[in-house]
Amino acid sequence: MKQVLIEEFFWEFSRIKRYKHCKEFQAMRHNPMYMSDYVEHLDNVLKATGEKVLQGAGNYYTMVL
């Protein structure tokens, strides 16, 4: 079970690295992009891979015990 969790973590980490490389490639091409452009691009990547996309800003709750 631990090995499966480790593999899943590294697979997700590699997805994040690939997205970061995409941003760096845009910068090397001197293609100006703003945060809204990155958000739109990431939403499109998530939609293309069948992931759910958060609508709106979302909510953050804390629980005090």
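Which residues line the largest pocket? The views below answer this in a predicted model, where local features need pLDDT of at least 70, side-chain atom pairs count only at pLDDT 80 or more, and totals for chains, interfaces and linings use all residues. Residues are numbered from 1 along each chain as its sequence is written, and side-chain values use heavy atoms, with hydrogens and water left out.

**View 1. The lining of the largest pocket.** Glu 12, Arg 15, Ile 16, Arg 18, Tyr 19, Leu 42, Val 45, Leu 46 and Thr 49 line the largest pocket. Two elements, α1 and α2 (35-48), each give two or more residues to this lining. Helix α1 provides the largest share, five residues. Helices are DSSP runs (H or I, at least four residues), numbered from the N terminus. A pocket is an open set of points on a 1 Å grid where a 1.4 Å probe fits, with protein on both sides within 12 Å along at least five of seven lines; lining residues have an atom within 4 Å of a point.

**View 2. A nonpolar surface patch.** Ile 6, Phe 9, Phe 10 and Phe 13 make a patch of about 400 Å². Phe 10 sits in helix α1 (residues 2-28). Patch residues have over 30% relative accessible area and no salt bridge, and nonpolar side chains are joined within 5 Å. A salt bridge is a side-chain nitrogen of Lys or Arg within 4 Å of a carboxyl oxygen of Asp or Glu. Areas come from the Shrake-Rupley method with a 1.4 Å probe.

**View 3. His 30 in its loop.** His 30 lies in the loop between α1 and α2. Its phi is near 55°, a positive value in a residue other than glycine. Most residues other than glycine have a negative phi.

Key:
Patch = residues over 30% accessible without salt bridge, like charges linked within 9 Å, V, L, I, M, F, W, Y side chains within 5 Å.
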